[in-house]
Amino acid sequence: MSYVTNSPTSTQLPAQLVAGSKAIPAGKGGRLAALLVLVASTEFVLVAVAAYFAAVLYHRVILLNPDDAKYIPESFLISTMLLLVSIGLRQYSRIQTQPRHVFIWSGASSVLFVFAFFIATIFLLKVSGDYSRATIVAQAVSVFITVLCTRAIWFSLLQPAIASGLIDARRIILIGDPSHCSRFSARAFATGLRTIRSFDFPTARTDTSVVARPGAVQALPDTRQLVADCRLLRADDIVILTSELEVRSALALASALSDLPVDVHVVPIGSIDLMAVSRITQFGNMVTMRICQCPLTPFNRAIKRAFDVAAAIAGLILVSPLFVIVPLAIKLDSRGPVLFRQTRHGYNNEPISVLKFRTMTVMEDGGNFKPVVRHDPRVTRLGRFLRHTNIDELPQLINVLAGSMSLVGPRPHATSQNEVFAELISSFFRRHNVKPGITGWAQVNGYRGDTDTLEKMQRRVEHDLYYIDNWSLLFDLRIILLTFFSREAYANAY
């Protein structure tokens, strides 16, 4: 019995998804493994050079004390530690599956860890006297920039090459129904996984002369020949696509394929979409498929909170003169209180009271809320200036200190708005899985102001969910910088 799907009696996979009727010789074409070695080697050399020249230039230009050979061992030590950390965390191998910013910023976090360890090491060994703080800062900055640039360039080169098929990242063999193999191969193709051969799933042999033990796995015919055929192909992975009725047979087949030096995967048919959005995790003494997870771990929440408190205190000190000038201007401009409090949804849909400098002649809240539109007559003369410059949002630094808001996060909407759009947009309330922010990813991309159409709110929610799914402290810093310097952050501010 033949198992090869491109035999005359089998269904052939699409030509662009399978490597023809003959196996691709191992090593033919650009292999990702070899290129990742080149990536790691390039980063190792460039980091060592950057650390060395940063120290040398500082001593030559600032201290006027050239000592070119002094920092060679330390530079290679820094470079070696960064290489070991990156390999240990599998940062290079994940270029195939990670988005650009995760690959780049994971390198940045490794730099911070390496220099923290480096400083602790030279202090414990009592050799810190030979190292000035300015030298360490110069080296850290130069290495940080080098890693960011190196990874950005390599990602830009490798990822399109993998997606287009110029680089065979991993070579796979599929075992299962031809139609299932074709669909799986099409999905794998986009991430650089190349199907080099496909086999039919062998059926269990029925032997009436032997009474099977209850629960025993039936033997599969010709598994030795299938194993021998797979061995000649020298694949990286073998994927068994099994139906619910074939699970026990798939385990027997996987056991037979364990004789090969490859990774063997079992994928239940009908669960591919489910597995694409899940992760295998340890849950107590059990293993589960986790579909959704809390956006921020307890550690990440602590880091974000510490940053919020420190930045909010610094911000209140810097803008403290405005807390004197703006209230006086508001009193002179129109009647009414200085501060405006509005109930909005915060973390976990809990109602919070958001503070703003009053910019309108009305104090609408709850069901009476009506969104502001361009040239709205309810906005005061001073209010237009305050809203356009975002000065009206400054009292929310108090919300940040109180813990009901964060500096960066999805902007909180009025409760009546949320109730309307939650019925129209799926996963709308998922934007409340983190604390709302004074500024956010949607705002710095111009998605603020009036939401008179469903599309405008959809785009805003898409950006909010992207922020939640890709949060990092560096991402927060980027958004804060864009809030000050991006033209789009002030678009639709009225």
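User: Why does Phe323 count as partly exposed?
Analyst: In this predicted model, local features need pLDDT of at least 70 and side-chain atom pairs count only at pLDDT 80 or more, while totals for chains, interfaces and linings use all residues. Residues are numbered from 1 along each chain as its sequence is written, and side-chain values use heavy atoms, with hydrogens and water left out. Buried means under 20% relative accessible area, exposed means over 50%, and partly exposed lies in between (1.4 Å probe, protein chains only). Phe323 has a relative accessibility of 26% and therefore counts as partly exposed.

User: What makes Phe357 count as buried?
Analyst: Its relative accessibility is 2%, so Phe357 counts as buried.

User: Why is the pair of Phe323 and Phe357 called tilted?
Analyst: Rings of Phe, Tyr and Trp (its six-membered ring) pair if their centres lie within 6.5 Å; planes under 30 degrees apart count as stacked, over 60 as edge-to-face and the rest as tilted. The centres of these two rings are 5.6 Å apart and the planes stand at 55°, so the pair is tilted. It is one of 13 aromatic pairs in the whole structure.

User: How do you know that the pair links distant parts of the chain?
Analyst: Phe323 belongs to helix 10 (residues 322-333) and Phe357 to strand 10 (residues 351-357), 34 residues apart. Helices (H or I, at least four residues) and strands (E, at least two) are DSSP runs, numbered from the N terminus.

User: Which residues of helix 16 are buried?
Analyst: They are Phe475, Asp476, Ile479, Ile480 and Thr483.

User: Why are the buried residues of helix 16 said to line one face of the helix?
Analyst: The arc is that of the directions from the helix axis to the C-beta atoms. Seen down the axis of helix 16, the buried residues fall within an arc of 140°, so they line one face. The face turned away from that buried side carries the exposed residues Leu481, Phe484 and Phe485.

User: What covers the buried residues of helix 16?
Analyst: The cover includes helix 9 (298-318), strand 11 (406-408), strand 12 (437-439), helix 14 (441-444) and helix 15 (454-469). Contact here means heavy atoms within 4.5 Å.

User: What makes the charged end of Arg151 sit over the ring of Phe103?
Analyst: A charge sits over a ring if NZ of Lys or CZ of Arg is within 6 Å of the ring centre and within 35 degrees of the ring normal. The charged end of Arg151 sits over the ring of Phe103, 5.1 Å from its centre. Arg431 is likewise placed over the ring of Phe428, with 5.7 Å to the centre.

User: Is Cys181 buried or exposed?
Analyst: With a relative accessible area of 0%, Cys181 is buried. Cys149, at 42%, is partly exposed.

User: How many disulfides does the structure hold?
Analyst: A disulfide is a pair of cysteine sulfur atoms within 2.5 Å, and the structure holds zero disulfides.
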